[in-house]
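Dear colleague,

Please find below the structure that I am handing over to you, together with its sequence. My notes on what was found in it follow directly after.

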Amino acid sequence: MGSSDSLQPQAIGLIFAFPCFASAAVALRLYSRSLTKSFAADDWVICVAIIMYWMETFTSYKVIIYMYIGYNVWDIPTDYPVILGNKYSYVTEILYNPVLALVKTSILLFLLRLTGQKNSVRLAIWGLLIFNGIAAVITFFITVLRCAPIAANWDLISFPNARCLDFADFVTTTASVSILTDVLALILPTWIVYRLQLQWNQKLMLIGILSLGLLTVVAGIVRLILLDNFDRHIPENPTHSVLFCVSTIEVGLSFVAACAPSFKPLITRLVPKVFGSSSTGPYNGSTNYSGRTRLDYNLQQTSNFANRTQDQTVTTIEAGDVELGYSPSELKANNTIILTTQVTWARSNCEEQYTSGTESCVYGKEST
């Protein structure tokens with residue numbers, strides 16, 4: 001059955017487009033991890049989340065087909081499989097919140113391993129991890145047991161005496177808790193980076209990358225407003241809309257926000273000068289024979305500096321007329337001036353204490 005003004009193709013396109021974007025982000029994340037050989041728990045969690053996201057996409061597709069999402073109500077046949085559509089809708093609701101919770105867990109685990117030496121940040125992240133986990137479990141069981149008996153979730157007509165939570169209140173409450181955890185997870189990266197001794201261009205770039213979760217927060221707020229208004233003021237033609245797809249948009253954006261901070265090795269390969277020098281990061285500087293300056297940064301985790309009180313940098317500056325022979329080992333230099341400067345400075349315990357492992361996100365040494 002067709003309709004000239006049906007919105008169903010747009011709805012199907014939306015629910016598949018955002019999982020594809022999310023999958024691309026996860027794939028780039030895994031490739032970036034392969035470059036740095038730093039695959040960890042946060043990556044395992046995001047892999048589980050993307051699998052569950054595709055499961056939710058499949059059930060959402062079934063809802064759109066069986067419930068005639070996008071069609072005008074007068075174009076829907078009277079014998080459409082409403083119970084089957086409600087079952088897929090029920091499963092979609094069950095999957096939605098755990099996927100978001102797993103994405104936020106991945107973000108928090110990533111932040112945890114970047115800032116392990118800061119007790120205040122560690123406590124904040126662990127507290128948010130626990131809160132996010134508890135909220136996810138409670139929301140899951142509320143979703144499963146929203147109606148008693150459970151079968152009333154998809155066949156309310158057969159259970160006229162069933163007791164169910166008000167659907168509008170249910171959506172608003174669970175969405176509000178999700179937005180709250182989104183906001184808290186958004187504040188943490190800004191707090192972490194603000195305390196780093198970095199140049200402002202680097203600091204702003206890191207805050208921007210780590211705070212892409214703002215997109216998820218905005219999408220969550222928009223979803224909450226639209227769904228709350230829809231559920232409390234159901235229009236005369238409720239199926240002729242793509243509002244059903246707003247949830248998958250929010251989830252897809254959350255994956256992009258969670259994976260963006262891991263793209264640093266890819267960004268530095270494409271645009272090496274984006275992450276410039278740090279005011280606190282030690283470096284080795286040298287000038288090669290082509291006249292171009294090459295800066296090699298090597299900032300390890302703060303724990304590696306624990307037993308070191310002094311660092312040394314040797315800077316060699318060579319200038320003059322240089323002639324290269326046919327062999328790389330043959331070098332003839334005329335009127336060459338060589339200046340070697342050795343600089344030694346002390347690193348105080350206070351500086352070591354406030355040097356964050358997040359700096360390794362900027363200057364971390366990549367494996368070749």
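C259 has a relative accessibility of 0% and therefore counts as buried, the cut-off being under 20%. In this predicted model, C259 takes no part in a disulfide, and the nearest cysteine sulfur, which belongs to C47, lies 8.8 Å away. C259 is one of the buried residues of helix 8, among which are also V246, E250, F255 and A258.

Helix 8 itself covers residues 246-259. From its first C-alpha to its last, this 14-residue helix reaches 21 Å, close to the 20 Å expected at 1.5 Å a residue. Eleven of the 14 residues of helix 8 are buried, so the helix is largely enclosed by the rest of the structure.

As to the other cysteines, a search of the whole structure finds one disulfide. The disulfide joins C147 to C164, with an S to S distance of 2.0 Å. The link of C147 and C164 is right-handed, with 120° about the S-S bond. The pair connects distant parts of the chain: C147 belongs to strand 1 (residues 147-148) and C164 to strand 2 (residues 163-164), 17 residues apart. C147 is buried, at 4% relative accessibility, whereas C164 is partly exposed, with a relative accessible area of 35%. C20 counts as partly exposed as well, at 41% relative accessibility.

Helix 5 (residues 167-194) contributes the largest share of the nonpolar patch, namely five residues. V183 is found in helix 5.

Finally, some figures for the chain as a whole. The chain has eleven helices and six strands. Of its 368 residues, 43% are buried. Among the contacts in the chain with a separation of 6 or more, 75% are between residues 24 or more positions apart. The accessible surface of the chain comes to about 19,600 Å², and carbon and sulfur atoms account for 64% of that surface.

With kind regards

Definitions and conventions
Residues numbered from 1 in each chain as written. Predicted model: local features only at pLDDT ≥ 70, side-chain atom pairs only at ≥ 80, totals over all residues. Heavy atoms only, no water. Helix = DSSP H or I, 4+ residues; strand = E, 2+ residues; numbered from the N terminus. Buried < 20%, exposed > 50% of the residue type's maximum accessible area, 1.4 Å probe, protein only. Contact = heavy atoms within 4.5 Å. Areas by Shrake-Rupley, 256 points an atom, 1.4 Å probe, with all protein chains shown as cover. Expected span 1.5 Å × (residues − 1). Disulfide = S-S within 2.5 Å.
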